[in-house]
Amino acid sequence: MPVYVVKDKCDGCKGKEEPLCEQICIGDLMTLNSDTGKAYCRSLRDCWDCMSCTKICPKGAIEQRIPYQLGYHGAKLIPMLGTDSITWTCVDIEGKVERFSFRTRNKH
Amino acid sequence: MGHEFIGGEKLKCCYQCGKCTSGCEVNRIDPSFQPHRLLHLFGMGALDELINGDAIWKCTTCFTCSERCPQGIAVTDILWSLRAMAYKSCRASELLSAQKSALFKTGRLYPATVLDHKKREKAGLPPLSEDSSLISRIFDAAKADG
Amino acid sequence: MSDINIGVFFCTCEGEIEKAIALDSLAQEASGRPGVVAVRKDSCLCSEHGLGAIREDVNKFGLDRVLVAACSPSLKTKEFADLGINKYLVERMNFREQCSQSHPDNSEDATKKARALLGMSLEKIRHSKALEPVMVPAVRTALVVGGGVAGINAALDLAGAGAEVFLIEKKPFLGGRVSELHRYYPRLCPPSCGLELMFSKLESDPRIHVLTSSEVEGLSGSPGNFSISIKTSSSDPTKPSEKVQVRTIIAGAVILATGWEPFDPTALTEYGYGRLEHVITNLDFEKSAREQKQFLEQQKKTAFIQCVGSRDERHLPYCSDVCCMVSIKQALLLKQANPDNEITIFYNDIRAPGEYEAMYRQARTRGIQFIKGIPSELRQDAQGKISVSVFDLVAGERTEVAVDQVVLATGMKASGGTAELKNTFGLATNKYNFIESHLQCHPLDSQREGIFSAGCCRAPMDVSRSIESAGAATAKALRYLQGEIAVTPDFPVVDILKCDRCKRCVEECPFKAYSFDDKGFPQVDILKCRACGICMGGCPLGAISLGELSIEQLSGMLDVLDTSYLGEDEPVILGFLCKNDAYRAADDAGAKGISCPSNLISIMVPCSGAVNGMIISEAIAKGVDGILLAGCPDNQCHCIQGSVLAKTRLADVSNKLKEMYLEPERVRFASISRDDPEKFAATVKEYVEELKQLGKNPLRIQ
């Protein structure tokens, strides 16, 4: 499920060296386009769909392209990160919405 | 009232320093024409007096006031807007009516003087025609209102 | 965490709290909670007897944490800081203003909300840490930049308070603009009198080092220990390259007194300055009066034109404060030197504040003419005199005078020296290039801790006010000159293990308190920090926490919040209220008896910009129906840009909610001013109604 950067929302993490998506990407695929100042994925076919970039982006500027086997064009998979939890919103091709919340850290 | 006319945004900024009237050439000759007073009345909403009166028609649009106003108020434009409002309310000074009649009758805003004839002669131009029928035909063809 | 001992203390506030909240039942519940070893109810906890009882219990039960349920935490702070336990281990719960007083109509609801507050505070307090003020050694040296009347007085005041002072001045001599004057008002003293006195004091004080022909080259370091390099050039103009000396001094505080520059009226071509002879400025007048005796004595007709260049949208949009009094002073000097001198002052308004009104009156009684009406232009007439034609607004007719000289009352601009400092010191100036931080509350601060302004570099002002401001700046600077600075431990701490060096904290800090360490991680200069929390709010990884409020605490509080505490059908709103404005407005609403729905639970934050987007997301994920961020109106934010940033972050969360097919209206911002409790109550009521329309947060059940 390769990623798609919404250019209006991306602020290039203030245009400094490494944006957050680049730092977190385990495949070293996300980087900043020096001309536009926005992030992009250097090689979509190599993306392993971990969605780390999607979760970490402070502006919520990264979206997934869901392949047809999982849900195709109308489907959405959106993570919302809390400090110790994550909430997933899944929308299928017919527009049905389901949400799942999980704890990601034990009590402090 | 507000921004619906050109120059409107800054009208309320006028702090009555009087620099416009001090520099107004019309005021030099006719002390009753006082741009600062007109702005004050306009700002207070006294539109009737302004639209019905003669004052707003006396401005020669020399722009000295607008150039020197410390608040950057477009005095000339505001007076012009008042003229437009007056015209829309079908009020026009007799001065204007007189000018309009003259224009439609003779093609000139004011009658030609001896000086004008002399200047034309000196420049080698033919004398002015007295026949105004041509003028009337031009205005009719253009379907201008009488 | 049940190995810490918690004591819970309920104040009935002489019945004021107990009439709406069932304290006994809450006390019963509290004693059953893990870790709670002591519970007490008292009629007045802040009294000597009440405080004594708490101290006794702290000893008797070996309490590690104290929870106080009483009035607003913004009240009685001194009393509850002295309980025999580190004051940061004491948590205050607002049971009065924002509970019993705000929800008097339905006491069951007040009790339900109090129960929810109790649960959240018990959780918060587990994470509290004992903090002590950090003592930072500081030097007892101050730097004053600018040797005019403000700078000189600042140096004298600082030395008088026991500091060592370096006074530097760009020119080869001290005295600034005042030394260029002939006389200054209100007593029409010659500047030499006042200045001589100041110079002799400067010379005789061994603590003051005066460096003329000197400029600041650079500044680094923190308040208490600024490192400043100063360049001193040769004071002999015939040997410019000789002896250029650069030295570095360490100073605890800096006072800037870089003064003003006169406005050049050449741009107003209608007055012919530079073109017409005998059209001069007020500063030219002073110079001529000083240098030529007959300038004042020789009988002539003079016209003054006020507001030349000032109060003018095209030049200096502000009022230069002194020009009315300067013209009156100059007119009085002319009359004093020769009673036959004829003077007319053409004015727009006469601004003679306070006791200066007497000078204005004196000018009128001495026969100086005042005409309201600003001349449009000046012309030279056939006799070589200057003709001033003006419309007299009061008389309602034109008048014309022919005068021998015209004095243009020109105003004050920010000086070039001030503009240079902007770069050297990294200072903020206002749109008129004067140094400004937050005008009302901090009139003397720049936006940098430890750097203050005095005199006309702050705003146009006269000699008395300049001297006064120097004293005030000295008083503020003294904090950094005591040999040691005590820093309140509410500053932020960065968790380096979580930090990813995205640099947002460094960028967004309004006081430039962050810098990079040698590995590129952000580090905060606790002396520059004002603990606004904007860094905590902006960190995308939640790696920054303030001393008094941490991300863990907020997250824990959200965990234990029962989102159905008012019942299944009532929405619950979490309100983050800024401590300067919104929280106090909420308190005020209670104190004034303005009733407010009990659906809102408030958390006090130092600034609305301190609220992290992840916490807001988490609140939604944990079932809170609505989030309210309430902060100061934009241009009043004490942290410069806190409200603006809060709105941006809220917008991001709102967008995310929209994508998730949740209602973006579940998060919102409100600008609440300190004195607007009605607006606060109305905002909450409106919000509750809207949330009822929207329905429960779908994530609430999980």
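Which residues in α16(C) meet which residues in α19(C)? I looked this up first.

**Ground rules.** I am working on a predicted model, where local features need pLDDT of at least 70, side-chain atom pairs count only at pLDDT 80 or more, and totals for chains, interfaces and linings use all residues. Residues are numbered from 1 along each chain as its sequence is written, while chains are lettered from A and ligands numbered from 1 in the order in which they are written.

**Entry: two helices of chain C.** I found A582(C), A585(C), A586(C), D588(C) and A589(C) in α16(C) meeting P677(C), F680(C) and A681(C) in α19(C). Contact here puts the C-beta atoms, placed from the backbone, within 7 Å. Helices (H or I, at least four residues) and strands (E, at least two) are DSSP runs, numbered from the N terminus. I then checked the axes of α16(C) (residues 582–591) and α19(C) (residues 677–694): they come within 8 Å and cross at roughly 90°. That makes α16(C) roughly perpendicular to α19(C) (65 to 115 degrees counts as such). Axes are lines fitted to C-alpha atoms, for helices over the stretch in contact, with angles from 0 to 180 degrees between N-to-C directions.

**Entry: helix α17(C).** I counted nine of the nine residues of α17(C) (residues 613–621) as buried, so the helix is largely enclosed by the rest of the structure. Buried needs 20 or more other C-beta atoms within 10 Å of the residue's own, with C-beta atoms placed from the backbone. M614(C) and E618(C) are among them. After α17(C) comes G623(C), with a positive phi near 100°.

**Entry: chain A with chain C.** I noted 23 residues from chain A and 27 residues from chain C in the contact. On the chain A side, β6(A) gives the most, with four residues.

Methods
A residue is buried if 20 or more other C-beta atoms lie within 10 Å of its own, exposed if 12 or fewer, and partly exposed in between; C-beta atoms are placed from the backbone. Angles under 35 degrees count as roughly parallel, over 145 as roughly antiparallel, 65 to 115 as roughly perpendicular and the rest as oblique.
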